[in-house]
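Student: I would like to learn how to read a protein model step by step. Could we go through one together?

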Amino acid sequence: MRAQSSATAAPPIAVTAPRDRRGFGTLQAALGVIAFSLTFPATAWGLEGFGPWSLVAVRSVLAALIAGGCLLALRVPPPARKHWPGLAVVGAGVVLGFPMLTTLALQTSTTAHAAVVVGLLPLTTALLSALRVGSRPSRTFWMAALAGAAAVLAFTVQQSGGALTTADLYLFGALLVCAAGYTEGGRLARVMPGWQVIGWALVLCLPLTLPVAAVALTAEPVRLTAHSVAGLLWVAAGSQFLGLIVWYRGMAAIGIPKASQLQLAQPLLTLVWSVLLLNEHLTVAAPLTAAAVLVCIAVTQRARG
């Protein structure tokens with residue numbers, strides 16, 4: 001990492017980036033997806049020893065301390081005033097909204113079910129990207145994305161007995177706020193390093209997350225175990241900071257819609273972790289649905305917008 005002043009904005013990254021840059025951007029976005037695929041199993045571990053509000057608030061505080069330490073050590077100047085509204089959207093979406101809503105959902109939902117539902121995130125991000133930054137993916141891109149979304153919706157309705165549960169509503173709300181944070185973060189990552197985007201968003205939320213963490217830790221029971229501590233540390237350092245660094249850098253290099261489609265692989269990866277780390281029993285529909293949306297990656301990544 002290196003400091004870079006945000007007072008003078010760098011020119012936006014061109015859509016037609018060099019092939020090697022696009023390849024490196026795809027690799028970074030893929031590393032972000034791998035980090036995110038561990039978020040739900042790590043959250044389930046964290047819930048073994050922390051309450052939902054404690055887990056979300058403490059993870060945000062820890063991530064903000066890591067990010068703030070990096071910003072101070074490298075003497076990074078604050079972003080320009082015009083970037084703070086966008087950083088607030090990032091904070092509201094990926095620092096506060098998505099962690100809180102998915103943690104509440106995982107109190108009654110399995111990680112496998114939640115992972116497949118969150119497979120709708122690529123389509124949601126692409127939709128908001130088209131509205132926010134004017135991206136125009138091709139018709140093939142949209143057909144493949146919609147096919148993946150249809151598979152996820154069919155799975156959700158089938159698993160819920162024909163009606164959406166409260167956990168499903170939490171997850172759908174998480175999709176909207178996270179997609180907004182991803183879209184705004186990807187736009188900001190074109191004018192400042194990706195790690196600074198999430199770093200400043202975390203620091204911006206600290207005046208809220210710090211007192212909430214203090215109150216929640218006294219109101220909710222805490223039982224420190226190897227699983228709960230490991231889960232907390234991963235969602236704080238891995239999911240909340242390091243994963244978002246490479247994710248935003250990848251989005252800036254290859255574009256928000258194409259990067260978001262890489263997340264179609266995330267449900268399948270999370271299913272693997274849920275079996276290996278949580279010993280969850282998978283229904284036949286879960287891996288089949290995850291595999292179906294995974295096929296959409298090849299189509300969307302080849303589609304030119």
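This is a predicted model: local features need pLDDT of at least 70, side-chain atom pairs count only at pLDDT 80 or more; totals for chains, interfaces and linings use all residues.

Student: Which residues of α6 are buried, and what do they pack against?

Tutor: A residue is called buried when its relative accessible area is under 20%. In α6 the buried residues are Leu-121, Pro-122, Leu-123, Thr-124, Thr-125, Ala-126, Ser-129 and Ala-130, and the buried residues of this helix pack against α7 (139-159), α8 (166-188) and α11 (256-261).

Student: How many aromatic pairs are there, and why is the pair of Phe-36 and Tyr-182 called stacked?

Tutor: Two rings are paired if their centres lie within 6.5 Å, and a pair with planes under 30 degrees apart counts as stacked. The count comes to five aromatic pairs. For Phe-36 and Tyr-182 the ring centres are 6.1 Å apart and the planes are at 20 degrees, so this pair is stacked. Because Phe-36 lies in helix α1 (residues 19-37) and Tyr-182 in helix α8, the pair ties together parts that are 146 residues apart in sequence.

Student: Are these two residues buried or exposed?

Tutor: Phe-36 counts as buried because its relative accessibility is 7%, and Tyr-182 counts as buried at 5%. Phe-36 also pairs with Trp-247, and here the ring centres are 5.9 Å apart with the planes at 75 degrees, so the pair is edge-to-face. This second pair links distant parts of the chain, since Trp-247 is in helix α10 (residues 226-254), 211 residues apart from Phe-36 in helix α1. Trp-247 is itself buried, with a relative accessible area of 0%, and ring pairs link Phe-36, Tyr-182 and Trp-247 into a cluster.

Student: Which residues have the most contacts inside the largest nonpolar core?

Tutor: In soluble globular proteins, nonpolar side chains tend to be buried together. Here the largest nonpolar core has 60 residues, and those with the most contacts inside it are Val-94, Tyr-182, Ile-198, Trp-247 and Tyr-248. A second, separate core has seven residues, among them Leu-55, Val-58, Val-61 and Ala-213.

Conventions
Residues are numbered from 1 along each chain as its sequence is written. Side-chain values use heavy atoms; hydrogens and water are left out. Buried means under 20% relative accessible area, exposed over 50%, partly exposed in between (1.4 Å probe, protein chains only). Helices (H or I, at least four residues) and strands (E, at least two) are DSSP runs, numbered from the N terminus. Contact means heavy atoms within 4.5 Å. Rings of Phe, Tyr and Trp (its six-membered ring) pair if their centres lie within 6.5 Å; planes under 30 degrees apart count as stacked, over 60 as edge-to-face and the rest as tilted. A nonpolar core is a set of buried Ala, Val, Leu, Ile, Met, Phe, Trp, Tyr and Cys residues joined through side-chain atoms within 4.5 Å.
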